[in-house]
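Me: I am new to this one and would like to know what the words used for it rest on. Could you show it and take my questions in turn?
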Amino acid sequence: MTDILGALRTKAERLPNIGPFRWLVLVVFVVIGWFWLGAMSAATVAVVLLALYYAAAGSSFNLLFGSLGVFSLAQPVFVAVGGYTTAYLYIRHGISPWLSMLIAMAIAGILAIPIGFLAMRRPGTVVTALVTLILSEAVPPIVSAVKALGSSIGLYLPVKSGTNWSAMQFASAVPFARILLIMNALFIAGFMWFARSRWGGWTTAIRDSDVAARAVGIPVLATRIGVFAAAAMMATLPGVVYAQYNLLSNTELFLGTSALFQVLVVALVGGSARPWGTLVGALVMTEISYHLSQAAGGRPGIGPLTFAGAFLIMALVLPRGISGAWAALFDRQSVRPAAGVGELLRDPLLGRRREPSQPEPPLVATHHDADAS
Amino acid sequence: MLFEQLLIVGLITGAVYSLVGVGFTLVLGVGKVANFAHGGFVGLGLYVALFMHNQFDLSPYATLVPATIVFLALGFGIGELFEWRARRAGEIGQLLIGLALLLLIGGSLEVLFKDNPRTLNGTTLGHIDVAGLRIDGSEIFAFAFTLVVAVGLYVTVQRTRWGRAMRAVADNPEAAGLYGVQVPVTQRAALAVSIAIAGATGVVVSPFTVLTPDVGTSYLISAFAVVILGGIGNTLGAVGAGLALGVIDSLSSGYLASYWTSLAPLLIILLVLLVRPDNGAVV
């Protein structure tokens with residue numbers, strides 16, 4: 001096993017480094033994806049659209065998990081905020097979903113501040129997971145009790161005929177998939193920027209050691225809450241598009257048990273070590289799940305089961321996700337993650353300057369998770 | 001009269017919460033494992049009781065002891081899985097395994113038993129009438145079972161050699177290891193016991209519970225709520241917290257709108273985190 005890994009690593013080192021061209025690669029990917037979606041059959045587009053939706057929703061999870069190590073199960077709640085905002089505003093006030101995106105982001109950002117404060121006041125993966133899971137389970141019955149939000153039935157959007165860009169309604173699924181494709185590309189670009197920004201450095205420092213980060217003057221709680229709010233705002237966007245695609249917004253669509261966990265699963269399977277991790281995770285999981293349930297004859301309930309089985313295998317084999325494994329294999333300067341403040345403080349040569357030619361700092365430190373417990 | 005009735009209903013619901021929380025808090029305290037699959041094993045216990053009842057005409061009480069032993073053995077196996085993963089991926093690996101198991105159990109139950117809600121019919125232990133309320137024997141049994149398990153667990157943890165080892169591991173695994181405590185074995189045993197309690201809980205509450213395949217998630221939520229309220233690793237705290245949550249649930253749904261049932265625990269947890277944030281930060 002070690003020999004195979006060693007051989008792969010040697011091969012990987014010989015490959016050309018595309019790091020400097022990553023923006024170009026992203027643009028090429030979007031262009032190819034755009035036209036490819038147009039050439040797909042309707043059934044395939046439906047599957048890809050689902051993958052792109054989960055990828056966009058999962059990206060908000062991976063922003064938190066990758067940068068701060070925060071395990072938030074509340075992201076689907078913010079996706080639902082997006083869905084409900086667009087549906088409500090369109091039905092009641094005829095407001096375009098494009099504008100609703102901004103309004104939904106504002107609502108989610110405001111909601112996220114108190115939630116983030118309570119869930120992340122103290123470090124600890126488990127506490128955050130507990131609070132956010134309870135939140136996402138408590139929201140559906142509460143929403144179901146609100147008449148203005150359609151009670152337990154939800155909100156159905158009135159149908160416009162044909163293609164209507166301002167109302168975000170289209171005759172086929174392709175434009176929805178294209179919007180989600182652009183959204184994913186923007187998120188990936190955002191991750192690439194974030195990893196190199198000052199914020200990225202702060203979050204890495206906080207994740208490594210919040211005590212050390214606080215000691216050097218980083219506003220730990222404010223940064224945590226800020227990133228949490230940013231992730232919440234991100235999560236609303238796929239919610240808006242998905243509600244428009246389904247012409248529906250209800251709790252089952254966004255917060256049913258399978259919807260809740262699928263967002264999480266694609267994010268974790270993709271891993272957060274690379275910006276593209278979530279997208280790859282979503283495509284892989286949707287594809288595996290689709291083929292397995294086809295092979296099992298489409299028996300009811302087999303979909304969630306195969307999804308769970310594939311997730312268990314991934315969790316056992318690649319605990320840091322596909323991109324984590326990729327990072328372990330391809331990191332040229334081997335193991336050193338981006339040096340956060342915490343790491344510098346632990347360094348025997350305190351404050352030593354880093355060499356100027358560092359590789360791109362990954363969103364997740366390569367070897368840190370193992371120390372987390 | 002209504003108040004007494006709600007109180008009784010609340011105490012019975014609370015007993016179930018306590019039972020689910022007791023095992024969860026044990027393994028969180030000792031093993032530092034937030035076993036997300038915990039609720040899933042309660043669900044599995046429920047369906048084991050249903051299966052034995054429908055196929056072999058066995059009452060849940062006849063199933064209880066063998067099922068608990070099977071769950072205990074299963075728990076050791078699961079512990080091995082967690083332990084093996086923990087060596088390579090730490091806390092996150094354990095969260096992943098737990099989540100994957102929760103989903104796997106829910107998915108399997110859905111495939112095997114279909115999606116529609118099920119109940120166990122014809123298992124009765126008689127009933128008594130208190131304050132104009134008919135209380136089923138199975139509910140009283142569940143309540144008594146909770147007390148026995150909680151007290152048994154408390155005595156084991158406080159008074160026995162094995163319990164001392166568990167407390168040592170919960171306190172400081174490295175130091176416990178240096179003093180000769182077999183840390184992995186102790187942690188695995190705690191996990192196995194918690195899974196056995198979860199399975200037994202499912203069997204015990206099956207006569208008065210509506211079974212659905214994704215019932216595990218809601219039990220997981222109760223376990224979380226109980227742990228935050230009762231303190232991590234505190235078995236008696238878990239019982240108190242469970243009973244309190246049950247009573248609050250029942251009173252809020254009786255006197256207020258029904259959605260308060262799900263809102264009340266959330267508010268309490270948020271309040272606890274606001275007042276005592278360190279209570280949740282033990283892990």
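Me: What share of the contacts in chain A with a separation of 6 or more comes from residues 24 or more positions apart?

Reply: The share is 78%, where a contact is two residues whose C-beta atoms, placed from the backbone, lie within 7 Å. This is a predicted model, in which local features need pLDDT of at least 70 and side-chain atom pairs count only at pLDDT 80 or more, while totals for chains, interfaces and linings use all residues. Residues are numbered from 1 along each chain as its sequence is written, and chains are lettered from A and ligands numbered from 1 in the order in which they are written.

Me: What makes α4(A) mostly covered?

Reply: A residue is buried if 20 or more other C-beta atoms lie within 10 Å of its own. In α4(A), 15 of the 19 residues are buried. For chain A, 50% of the 373 residues count as buried.

Me: Why are α4(B) and α7(B) called roughly antiparallel?

Reply: Their axes, lines fitted to C-alpha atoms over the stretch in contact, cross at roughly 160° and come within 10 Å. Angles over 145 degrees count as roughly antiparallel, and therefore these two helices are roughly antiparallel to each other.

Me: Which residues of α4(B) meet α7(B)?

Reply: Phe141(B), Ala142(B), Phe145(B) and Val149(B) meet Ile197(B), Val204(B) and Val205(B) of α7(B). The residues of this contact divide into seven nonpolar, no polar and no charged; Ala, Val, Leu, Ile, Met, Phe, Trp, Tyr, Cys and Pro count as nonpolar, Asp, Glu, Lys and Arg as charged, and the others, Gly among them, as polar.

Conventions
Axes fitted to C-alpha atoms, helices over the stretch in contact; angles between N-to-C directions. Helix = DSSP H or I, 4+ residues; strand = E, 2+ residues; numbered from the N terminus. Parallel < 35°, antiparallel > 145°, perpendicular 65-115°, else oblique. Buried ≥ 20, exposed ≤ 12 C-beta atoms within 10 Å, placed from the backbone.
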